[in-house]
Amino acid sequence: INAEYGGSNSPEMENDETPLVLKASNEPVTKQPILLEIGHAKLQFLNGCWTDAAGLGMSVQQEIQQLQLELKAATAEHDSLQARHEVLLDMAATAQLDLEKYEQAKA
């Protein structure tokens, strides 16, 4: 797929913006990378996967796997902290009841 910018007299186009025109070619997609630029992110689709256009980063699949591992670790940490929180609440409630019993026995 080749991308070219072409002129348009469309009223939607303002300030000399030109639409992107895509033209199909007979070459397989794997031979022509598809470049995608969104803000500061520049990606290219080549050989069936999205990668950083500069070739410095991970592929999208690798990044998804990395994020899934981080999510599992964060979930495990959350579960551990939640259990710890429940134990501390039980300890505080028990201490409060013991203090009330002590004050009643003292009086």
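**A strand sheet and a helix**

Met91 is exposed, with a relative accessible area of 53%. The cut-offs are these: exposed means over 50% relative accessible area, buried means under 20%, and partly exposed lies in between, with a 1.4 Å probe and protein chains only. The model is predicted, so local features need pLDDT of at least 70, side-chain atom pairs count only at pLDDT 80 or more, and totals for chains, interfaces and linings use all residues. Residues are numbered from 1 along each chain as its sequence is written, and side-chain values use heavy atoms, with hydrogens and water left out.

Met91 sits in helix 1, which spans residues 60-106. Helices (H or I, at least four residues) and strands (E, at least two) are DSSP runs, numbered from the N terminus. Together with Val87 and Leu88, Met91 makes a nonpolar surface patch of about 290 Å². Patch residues have over 30% relative accessible area and no salt bridge; like charges are joined within 9 Å, and nonpolar side chains (Val, Leu, Ile, Met, Phe, Trp, Tyr) within 5 Å. A salt bridge here is a side-chain nitrogen of Lys or Arg within 4 Å of a carboxyl oxygen of Asp or Glu.

Now the whole chain. The protein has one helix and five strands. Along the sequence the pattern reads β-β-β-β-β-α. Of the 107 residues, 3% count as buried. The accessible surface comes to about 9400 Å², and 57% of it belongs to carbon and sulfur atoms. These areas come from the Shrake-Rupley method with a 1.4 Å probe; for residues, only the protein chains shown count as cover. Take the contacts between residues at least 6 apart in sequence: 5% of them join residues at least 24 apart. Contact means heavy atoms within 4.5 Å.

Three strands form an open sheet in the order 3-4-5, with antiparallel pairing. Its edge strands are strand 3 (34-38) and strand 5, each pairing on one side only. Neighbouring strands of this sheet are turned by 30° against each other on average, direction ignored. Such angles run from 0 to 180 degrees between N-to-C directions, and the axes are lines fitted to C-alpha atoms, for helices over the stretch in contact. Strands of a sheet pair through backbone hydrogen bonds, either parallel or antiparallel. Two strands pair if DSSP finds at least two bridges between them.

Start at strand 3. Five bridges join strand 3 to strand 4, and the two run antiparallel. Leu36 stands opposite Leu43 in strand 4, and Ile38 stands opposite Ala41. Two residues lie between the strands of this hairpin, where Gly39 takes a positive phi near 65°. Strand 3 is hardly covered: of its five residues, the count of buried ones is zero.

Strand 4 and strand 5 pair in the antiparallel sense over four bridges. Phe45 faces Trp50 in strand 5. Leu46 has Cys49 as its bridge partner. This hairpin also has two residues between its strands, and Asn47 takes a positive phi near 55°.

Which residues does Gln44 touch, leaving out those up to four places away in sequence? They are Pro33, Ile34, Leu35, Cys49, Trp50, Thr51, Asp52 and Ala53. Gln44 belongs to strand 4 (residues 41-46). Gln44 counts as buried because its relative accessibility is 18%.

Thr51, one of the residues that Gln44 touches, lies in strand 5 (residues 49-52). Its relative accessibility is 21%, so Thr51 counts as partly exposed. Where does Thr51 stand relative to Gln61? The two are ten residues apart in sequence and 8.7 Å apart in space, C-alpha to C-alpha.
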